[in-house]
Amino acid sequence: MSSWDAMIDSLRVVAAPDGTAAGALSACCIADHAGNVWGQSEHFPGFNAEEATALMALFANPIDRASEGIVIGGSRYVFLNGGDEDGVVRGKRGSEHGVVVVKTKTAFVIGIHGDNLETRQVSAHVEQFGDYLSSQGM
Amino acid sequence: MYGGDEVSAVVLDLGTHSVKAGYAGQDTPQHVFTSSVGARAKGGDVDMTEGGSQSSRDIFVDSMGIRRDEVDVTSPYGENGMLEDWEAVEGIWEHALKKCLTIQTDEHPVLMSEPVHNSDGVRSKMVELMFEKYAPPALFLAKNPVLSSFAVGKASSLVIDIGGRNTTVTAVHEGYALQKSVTRSPLGGEALTDVILARLEKQKVEVRPRYAFTKKEKGDGEFTVKAVNHPKTSASYSLFKRREIVEDLKATVYQLNDHFFRGDEHKNVAGITYELPDGNTIEVGAERFQIPELLFQPDILKDLDVNVPSLSGDVKLKSIQELVLECINNSDVDVRKDLWGNLVLCGGGSMFTNMRERLDGALFDHAPQNVKTKVVASMNSVERRFSTWIGGSILASLGSFQQLWMSKQEYEEHGANLVLRKCP
């Protein structure tokens, strides 16, 4: 699984627009739509079939599912915005933690951050990573 | 980093009613002017023009005081509440940046506000037009309610914004609008103005704009008023000027009742006398309570028996308390309690006497029993009217915000659509 490790390493570091590192995600993961984890960083809290099903439902119908939040590895995040139209959903836990989940054709790219980064920055980064996966046909 | 602390950013809030522009870090916008612009098909006698040279129309910004033949008054906003007339938008930006603030646009980052329901297409178009035309070093799009929430020092709140064209209720959580929570009604400041105007016309009161008559002093404080006919005045200009008069009437005479208004109340209330620009006086009785009450009881519209286009759709009009309730029910269950305790009232349409108290009362009745409701509204009318701009001024001057700008370089590399990711 070393190829996934390399990908996870590049997903973990959030670049600033000028190319320098703005900071690192606290945890990240790439998984399929059924909840099987392909690759994950240290400290990633986990992801399972149930959470994947709930995420699929949120993407498909964000208006009805908004009140349920986003749950990753048992931690609940307040759902902010997004859905299938945007290809991404974003969430917040307290004022410090945030999550960005990008859905590609076959995968979820999940980035979790702490107070060293803003969800906005993380979103642009994780979405760009999602573009890369999509370009690889995943 | 991109905006830089040495050069101050410009904050531009193009609302449906008025445009606010100024430098980040200031308490209030330096320039405020109407969002309505004059437009005339090219070919007529051109005096002063603004906007692009290839445009098909001459656009007149911030010069509604001057009546011009065959000039239509139009809004940059379309029916759907999003920017649509890009010639008008460009004219407004040109006026705000070059005429009012007189800046070198390629030196100042620009923070623009946007309606919370703005579409991806309109957002990208705003970014493209701004970078292509004015080449700022960086820009940012921020949603109106997020800025209004910052203006009262809150990262999380429920923002009730009574604006020109709309009343919009949005849950804001940690600096992000909960996009799917937003509820909206066309019952905003302008609709109330139109209801008042329609009522006056129904009562055969002629609201005459200043350009439509001359006024000469006869001596002893008496005036002779003579109608002047300008047949080439557009209907939209006439309407704009009549609305201006009614806006003043509304601000000085109309108010909310201090409790839920019942139909037969105030039948014998003393009327307030108001002098129109042509010297005619009118007296407004119970209606001065009844019309603002539409915000809380839209059904009253039936009793008023007037036809106001913006309110005549098929959809049932919702009261503010219904909008709030629906918005909270659309929000994450974990934040609902917090929202009830942090209700923020803002917008130019919220200026009626008793507004905050009435909202507090109406929401108290709807809130679950175990939660505390609290409505915050700035006592300072300027702060309430300009809350969106003020929030933008605060945000753009935060040190931690500087790394969030979308730079011109990023625009050149990734295109306008990057804004959807940079400013979600």
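This is a predicted model: local features need pLDDT of at least 70, side-chain atom pairs count only at pLDDT 80 or more; totals for chains, interfaces and linings use all residues.
**The interface.** Select both chains and display the residues in contact: 30 residues of chain A meet 27 residues of chain B. The two chains bury about 2400 Å² between them, with 55% of that area on carbon and sulfur atoms. Next, select Pro17(A), Leu80(A) and Arg120(A), the residues of chain A that lose the most area to chain B; together they account for 29% of what that side buries.

Four salt bridges are counted between chain A and chain B. For one of them, centre the view on Glu127(A) and Arg421(B), whose side chains meet at 3.3 Å, N to O.

**The side of chain A that touches chain B.** Colour α3, β6, β7 and α4 (119-135) of chain A, each of which supplies at least two residues to this side. Here α4(A) gives the most, with eight residues. By class, the side comprises ten nonpolar, ten polar and ten charged residues.

**The second largest pocket.** Now select Glu85(A), Asp86(A), Asp120(B), Gln179(B) and Lys180(B), which lie nearest the centre of this pocket among its 24 lining residues. The space within is about 590 Å³. To trace the lining, show α3 (62-65), β6 (75-83) and β7 (88-93) of chain A with α2 (120-134) and α14 (419-422) of chain B; each supplies at least two residues. The most comes from β6(A), with three residues. Colouring the lining by class gives six nonpolar, eight polar and ten charged residues.

Definitions and conventions. Residues are numbered from 1 along each chain as its sequence is written. Chains are lettered from A and ligands numbered from 1 in the order in which they are written. Side-chain values use heavy atoms; hydrogens and water are left out. On a 1 Å grid over the protein atoms alone, a cavity is a set of points where a 1.4 Å probe fits but cannot get out, and a pocket is an open set with protein on both sides within 12 Å along at least five of seven lines; lining residues have an atom within 4 Å of a point. Grid points are joined across faces, edges and corners, and a volume is the space filled by probe spheres set on the points. Helices (H or I, at least four residues) and strands (E, at least two) are DSSP runs, numbered from the N terminus. Ala, Val, Leu, Ile, Met, Phe, Trp, Tyr, Cys and Pro count as nonpolar, Asp, Glu, Lys and Arg as charged, and the others, Gly among them, as polar. Contact means heavy atoms within 4.5 Å. Buried area is the accessible area (1.4 Å probe) that two parts lose on being put together, summed over both.
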